[in-house]
Amino acid sequence: MVDLVPLAFIGVMICFVALWVVGMFRTFRQRRVLRYTDRIRAEELTGRVRQLKVRGHEEQAIQLVQHELGMSAMKARSWVKSI
């Protein structure tokens with residue numbers, strides 16, 4: 001039983017590190033959008049873009065980003081592909 005305590009502690013630490021890494025990836029993906037809008041709108045736009053990409057409508061997602069944020073076509077295409 002005493003041997004399991006260090007293993008449990010290491011397991012919990014690995015979970016926290018994994019959650020931190022996932023959070024950092026989300027932050028880096030949204031960083032480009034945050035230059036153009038606030039955080040809540042960026043999260044909502046990211047969700048809509050993901051839905052369009054899952055359905056196979058990547059060009060519509062690019063147009064949505066261009067229309068909503070006024071991003072150039074090249075930047076919008078790059079951001080949509082990174083999601």
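**Surface patch and salt bridges**

Arg77 counts as partly exposed at 35% relative accessibility (buried means under 20% relative accessible area, exposed over 50%, partly exposed in between; 1.4 Å probe, protein chains only). This is a predicted model, where local features need pLDDT of at least 70, side-chain atom pairs count only at pLDDT 80 or more, and totals for chains, interfaces and linings use all residues. Residues are numbered from 1 along each chain as its sequence is written, and side-chain values use heavy atoms, leaving out hydrogens and water.

Arg77 pairs with Glu59 in a salt bridge, with the closest N and O atoms 3.0 Å apart (a side-chain nitrogen of Lys or Arg within 4 Å of a carboxyl oxygen of Asp or Glu). This pair links distant parts of the chain: Glu59 sits in helix α3 and Arg77 in helix α4 (residues 73-82), 18 residues apart. Helices are DSSP runs (H or I, at least four residues), numbered from the N terminus. Glu59 is partly exposed, at 45% relative accessible area.

The whole structure holds 4 salt bridges. Arg41 and Glu68 meet in one of 3.1 Å, N to O. Arg41 lies in helix α2 (residues 39-54), Glu68 in helix α3 (residues 58-69), and 27 residues separate them. Arg48 also forms a salt bridge with Glu68, at 3.4 Å, N to O. Arg48 lies in helix α2 and Glu68 in helix α3, so this pair ties together parts 20 residues apart in sequence. A network of salt bridges links Arg41, Glu44, Arg48 and Glu68. Glu68 is partly exposed, at 27%.

Now to helix α1 (residues 4-34), which contains Leu7. Leu7 counts as exposed, with 57% relative accessibility.

How values were computed:
Helices (H or I, at least four residues) and strands (E, at least two) are DSSP runs, numbered from the N terminus.
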